[in-house]
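Dear colleague,

I am passing on the structure below, together with an account of what turned up when I went through it. Please look it over before reading on.

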There are 4 protein chains.
Amino acid sequence: MIIILKQGTQKEKINDFIKDLEGLGVKTHLSAGEHTTIIGLVGDTTVVDIDSIKAIPMVEDVKRVQEPYKKANRKFHADDTIINVSGKKIGGGNFAVMAGPCSVESQEQMEEIAYKISKSGSGFIRGGAFKPRTSPYSFQGLEDKGIEILQKIKKATGMPIVTEIMDTADVSLFENVDIIQVGARNMQNFKLLKELGKCKQPILLKRGLANTIEELLMSAEYIMAGGNENIILCERGIRTFETITRNTLDISAIPVIKKLSHLPVIVDPSHAGGIAWLVEPLAKAAIGAGADGLMIEVHNNPQKALSDGAQSITPDEFDGLMKKLAKYLELENKILAL
Amino acid sequence: MIIILKQGTQKEKINDFIKDLEGLGVKTHLSAGEHTTIIGLVGDTTVVDIDSIKAIPMVEDVKRVQEPYKKANRKFHADDTIINVSGKKIGGGNFAVMAGPCSVESQEQMEEIAYKISKSGSGFIRGGAFKPRTSPYSFQGLEDKGIEILQKIKKATGMPIVTEIMDTADVSLFENVDIIQVGARNMQNFKLLKELGKCKQPILLKRGLANTIEELLMSAEYIMAGGNENIILCERGIRTFETITRNTLDISAIPVIKKLSHLPVIVDPSHAGGIAWLVEPLAKAAIGAGADGLMIEVHNNPQKALSDGAQSITPDEFDGLMKKLAKYLELENKILAL
Amino acid sequence: MIIILKQGTQKEKINDFIKDLEGLGVKTHLSAGEHTTIIGLVGDTTVVDIDSIKAIPMVEDVKRVQEPYKKANRKFHADDTIINVSGKKIGGGNFAVMAGPCSVESQEQMEEIAYKISKSGSGFIRGGAFKPRTSPYSFQGLEDKGIEILQKIKKATGMPIVTEIMDTADVSLFENVDIIQVGARNMQNFKLLKELGKCKQPILLKRGLANTIEELLMSAEYIMAGGNENIILCERGIRTFETITRNTLDISAIPVIKKLSHLPVIVDPSHAGGIAWLVEPLAKAAIGAGADGLMIEVHNNPQKALSDGAQSITPDEFDGLMKKLAKYLELENKILAL
Amino acid sequence: MIIILKQGTQKEKINDFIKDLEGLGVKTHLSAGEHTTIIGLVGDTTVVDIDSIKAIPMVEDVKRVQEPYKKANRKFHADDTIINVSGKKIGGGNFAVMAGPCSVESQEQMEEIAYKISKSGSGFIRGGAFKPRTSPYSFQGLEDKGIEILQKIKKATGMPIVTEIMDTADVSLFENVDIIQVGARNMQNFKLLKELGKCKQPILLKRGLANTIEELLMSAEYIMAGGNENIILCERGIRTFETITRNTLDISAIPVIKKLSHLPVIVDPSHAGGIAWLVEPLAKAAIGAGADGLMIEVHNNPQKALSDGAQSITPDEFDGLMKKLAKYLELENKILAL
């Protein structure tokens with residue numbers, strides 16, 4: 001941590017301040033220049049509250065030089081984390097595809113989609129039972145009935161299921177869910193993150209619309225600090241001034257996260273672009289950028305979907321897509337988790 | 001609602017589509033131009049799912065022309081909503097100041113601050129018991145003990161209290177809280193919004209860091225649709241590329257919201273700027289732009305604050321600020337809620 | 001400047017690197033922690049190219065701690081700069097209003113507007129002769145004829161004129177223009193900035209749609225480094241995800257710029273909001289936030305304006321606005337430049 | 001174009017307005033609903049000024065339904081445009097790589113880089129003679145001497161050259177430049193775009209940091225409207241709130257532009273990420289997303305580069321990269337322009 005002092009600060013005050021800082025257990029180094037005086041802090045600076053330091057009159061600015069996350073940090077965990085879900089691996093060269101409709105609408109719908117996408121190479125089936133919708137007047141999901149349908153599909157097809165949790169009150173309903181998803185809007189629902197830290201299942205943590213990569217890693221840290229280190233991160237687009245696409249897929253986030261963290265990262269091209277014909281180019285780009293998996297919305301009849309119809313592809317389109325992606329995975333030496 | 005069709009769509013297909021649309025109970029008008037064919041939909045278009053329409057191959061784009069919110073819409077409720085909290089009014093010419101520390105730290109701290117800000121003209125006292133912190137290693141608030149301290153302060157000073165809820169599981173703890181705050185990160189925690197729709201207390205709803213004004217009004221609509229129409233909106237800065245300030249205060253949001261909605265809007269200059277010396281200019285700007293109140297962080301010792309020290313002002317600075325603001329309120333014919 | 005080194009860098013390499021750095025004429029301080037090693041650089045660090053340092057394999061990151069601008073920096077020029085245009089002062093407690101139409105359309109139009117706004121208290125008249133339009137098919141301005149009309153208006157009314165330059169090739173045409181405006185899209189047209197450094201007239205420099213405050217000050221520095229230190233900065237809204245307003249007025253930029261720089265700052269509420277009814281609340285907010293002036297679009301017939309009709313107010317509305325603003329200026333002890 | 005009227009507008013006024021509109025030569029269709037009345041405009045709506053319409057009191061909002069660009073629009077030019085530079089093709093399945101240093105520093109430097117990248121598969125050599133630098137105190141380029149060096153390199157190696165123009169005054173210096181680049185900061189320097197419309201050489205038009213895809217196409221339209229239809233578009237990252245990367249590469253822009261326009265699109269992964277180790281993943285992603293080429297910064301000694309060292313790769317790294325990219329190009333059936 002670097003503390004930059006205001007011009008003209010008296011030496012005595014600086015010395016007192018340094019004593020205070022060292023009292024916190026960190027070491028300091030003073031660099032006094034003509035126009036700028038800097039105090040460098042080394043050691044465990046997590047004990048130092050940046051906001052309080054900034055509130056001190058003689059302080060002009062404070063800059064952190066170490067990442068604020070530990071468990072998610074590759075510096076302290078050099079090898080890729082590999083998540084194992086019923087024998088299917090994600091990360092460390094293993095590539096996961098999680099396909100399915102935006103919302104679970106009925107058992108018939110889910111069955112029809114599940115068998116088809118399984119044949120095409122999706123290792124997991126996704127589907128929303130609890131749906132975060134912008135309007136209170138939109139379809140809100142089948143809720144617990146949706147979870148029940150997912151369990152039946154899992155029994156019938158053997159595919160592990162991925163579905164979103166929205167509230168701490170629902171944790172018990174997710175006991176038999178294989179991968180619990182935290183949606184973009186809940187990335188900083190810290191109470192929920194803490195509860196999920198006590199769960200055993202892997203957590204699929206989506207990046208918030210306006211959250212930095214560092215904040216995403218801090219949210220992963222919340223869950224990990226609670227005891228659950230099985231986190232899959234998901235880039236699904238951020239909000240920018242561009243309006244043609246629903247969001248702006250931050251493709252650079254993939255290599256950046258893989259540099260900073262050991263956790264696997266997947267990409268959701270359906271939500272990122274918000275348009276069915278964007279899924280293919282964005283999925284290819286994701287593999288090229290180093291992603292460990294994809295989450296893709298597939299609906300048997302997008303025009304009748306109860307949510308997100310515009311960005312869903314059909315099972316046939318998904319089959320064609322998977323054939324093309326197989327060649328990209330080969331180039332990157334990635335093994336499809338089946 | 002306007003549906004723009006792709007060039008070269010066959011007339012028969014268009015006619016079939018129009019029949020489908022009218023089957024939903026809306027009226028249609030067809031405008032066929034050389035390069036563009038448009039279907040205009042009038043009537044209750046909330047039954048039409050835009051995403052599904054966009055998924056239809058002949059459709060190029062869909063544009064909404066009516067606001068998606070009803071209860072929060074000034075078109076259906078021309079007069080300003082006035083919120084009444086223990087006789088103190090907010091909105092419709094009544095101006096509310098809610099001051100206090102970021103976090104409730106101890107009863108002594110709260111008492112010291114409460115008496116001082118009350119004298120200076122703060123009608124309400126704020127203080128966080130449950131704290132949404134980016135890092136799991138930061139102070140997380142006194143939780144239920146914090147709520148207890150706030151109740152004692154209320155008894156002692158008579159000031160109504162404002163504090164933040166983070167989870168549906170905590171609703172019962174907030175029974176005696178006068179104004180329940182929903183933080184920026186929970187603006188789209190829809191489960192929480194639904195629960196708060198069942199409460200009787202006014203809800204202070206903060207705009208999310210990357211949420212549009214329309215989304216803020218939709219979140220208000222969630223609570224109102226549940227039965228609680230006492231909503232105070234709060235602009236507290238949005239996330240942009242500028243990094244000198246913590247957030248970018250969207251000052252235009254105030255007149256825009258007041259045009260679109262009848263709900264009162266307050267401004268939080270402390271979080272918006274993130275720097276103590278920005279509180280005064282931003283508070284003045286807020287009054288000039290038409291705000292119905294201010295939420296200001298005041299701490300008796302910002303350098304020792306357990307959170308947000310850099311943006312807190314002292315009780316003395318608050319007193320000086322209130323004297324200056326009084327003249328601005330006079331210009332705008334606003335009555336301070338005391 | 002702070003250089004953060006990668007973990008595990010050999011001591012010898014660090015010593016060699018320090019020698020290289022000191023060879024550039026700066027002093028260094030080494031802080032070696034368990035996980036982080038930092039080199040602090042003091043002295044004239046403008047000679048050090050951050051990008052080249054970042055390219056060195058042992059370097060993890062580089063952070064600047066001093067502002068990269070000198071002439072625009074308040075640290076080296078504590079007093080407010082006051083710009084004097086034909087006896088009318090801007091800055092240091094003097095408030096300038098520059099009103100007029102978006103485009104100069106005809107002499108009759110300009111005359112009608114000029115006499116009216118002059119009576120209402122506008123000290124300057126603005127009007128575009130060269131118009132930066134997004135579409136090549138839109139009206140592009142009267143160009144040199146527009147400048148001629150402005151000169152006549154100046155003769156007739158005595159009001160100094162403000163108009164925009166778009167190209168280095170036109171500099172000679174601006175010889176008798178009192179304040180030369182650089183539009184938002186040209187804020188980083190460095191060739192143009194250099195040319196304007198050779199001019200004697202004050203430059204009104206508008207902030208770019210996606211430019212930081214620091215970049216705005218660096219563009220001012222370009223002009224000042226060329227010899228012209230008469231710069232008026234202008235905040236006119238930045239681009240964010242919000243779409244109801246044309247841009248998002250960064251109201252905090254005003255106090256921030258006044259803290260960092262001695263140059264006067266004005267606000268353009270017309271372009272910021274893009275809607276006529278937003279001009280009043282944003283103008284009041286600007287004064288509250290400490291602005292040194294306003295640039296306001298006034299058109300005698302907004303519905304027939306050749307550009308920006310939606311955001312123009314009428315001369316009558318302008319007159320009403322000025323009466324209200326007078327009271328705000330009084331509160332801030334600002335003197336209207338007439 | 002769709003005009004939405006305010007509630008309660010009198011029928012007579014609407015009829016008068018419709019007559020006015022039809023007087024402009026467009027056809028209208030009126031849709032009157034209970035809460036909303038809409039006028040649909042069909043025909044050549046480019047004659048209608050949206051801003052003036054919005055200024056009419058009875059108008060609530062105006063929405064465009066047709067793209068504002070014609071010459072750049074794929075609707076009126078279904079086939080991919082293929083740019084031919086001395087026999088090297090760009091677009092329509094032909095892939096161009098333009099490598100070289102950020103700045104032309106000396107003939108020796110350029111020669112060393114040119115021969116190496118040519119062997120590795122770069123079809124073109126790039127290098128800046130005129131450099132847009134944020135600071136007036138940074139290296140500003142060799143200017144005309146830089147152009148001379150580029151000409152010599154072209155003679156020696158046969159590689160067409162790409163270099164940036166910053167000012168209309170320099171057009172004559174670019175007569176023998178094969179591809180004239182317009183930098184991101186000049187994307188809306190409309191005077192420059194108009195001048196380039198008169199040139200014969202292909203123009204490489206970079207997207208501005210805060211410009212939408214539609215604005216990029218409008219800037220292309222400017223040049224095309226002037227007579228020069230040889231435009232290569234370039235996505236080089238946009239500005240968002242994320243700070244780890246220099247910019248955020250908008251990977252979706254590639255398939256979106258190719259859907260909307262017939263012009264070729266290339267990607268600049270060096271500027272987008274701003275970090276050398278991001279070039280490879282972003283380059284692969286670009287090919288996966290459908291790009292027609294890449295612009296890559298290669299420097300023989302990044303640590304001594306006079307600009308952009310941190311994002312430059314070495315000729316050896318470039319050689320390794322090109323070998324990997326060859327396989328991606330094969331998958332996409334793209335032919336490398338050599």
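**Between chain B and chain A**

Across the interface of chain B and chain A, the rule finds 4 salt bridges. One of the pairs joined in this way is Asp170(B) with Lys191(A), whose closest N and O atoms lie 3.3 Å apart. Please keep in mind throughout that this is a predicted model. Polar contacts also cross the interface of chain B and chain A, where 23 residue pairs are found, both residues of each being at pLDDT 80 or more.

As for the parts of chain B that are involved, the elements giving two or more residues to the side that touches chain A are α2 (50-54), α5 (190-196) and α6 (213-225) of chain B. The largest share comes from α6(B), which gives 5 residues to that side. Sorted by kind, the residues of the side of chain B that touches chain A comprise 19 nonpolar, 12 polar and 15 charged.

In terms of extent, 46 residues of chain B are in contact with 46 residues of chain A. The size of an interface is often given as the accessible area lost when the parts come together. Here chain B and chain A bury about 4000 Å² between them, with 51% of it on carbon and sulfur atoms. Of the area that chain B buries against chain A, 16% is supplied by Tyr137(B), Lys191(B) and Gln303(B), which is more than any other three residues supply.

**How the two copies are related**

Chain B is superposed on chain A, with an RMSD of 0.0 Å, by a rotation of 180° with 0.0 Å of shift along its axis. The two copies are therefore related as by a two-fold rotation axis. The same surface serves both copies, in that 100% of the contact residues of chain B recur in chain A. Which residue of chain B comes closest to the rotation axis? That residue is Ala210(B), whose C-alpha is at 2.7 Å from the axis.

**A lysine in chain C**

Turning to chain C, Lys206(C) is found in strand β11, which covers residues 203-206 of that chain. Lys206(C) counts as buried because its relative accessibility is 3%, under the cut-off of 20%. The side chain of Lys206(C) makes a polar contact, at 2.7 Å, with the side chain of Asp268(C). Leaving aside neighbours within four places in sequence, Lys206(C) is in contact with several residues, among them Asp268(C), His271(C), Arg236(C), Cys234(C) and Met295(C).

With best regards

Terms used: Residues numbered from 1 in each chain as written. Chains lettered and ligands numbered in written order. Predicted model: local features only at pLDDT ≥ 70, side-chain atom pairs only at ≥ 80, totals over all residues. Heavy atoms only, no water. Least-squares fit on C-alpha atoms with pLDDT ≥ 70 in both. Contact = heavy atoms within 4.5 Å. Buried area = accessible area lost by both parts, 1.4 Å probe. Salt bridge = Lys/Arg side-chain N within 4 Å of Asp/Glu carboxyl O. Polar contact = N/O pair within 3.5 Å; in protein donor to acceptor, adjacent residues only side chain to side chain. Helix = DSSP H or I, 4+ residues; strand = E, 2+ residues; numbered from the N terminus. Nonpolar A, V, L, I, M, F, W, Y, C, P; charged D, E, K, R; others polar. Buried < 20%, exposed > 50% of the residue type's maximum accessible area, 1.4 Å probe, protein only.
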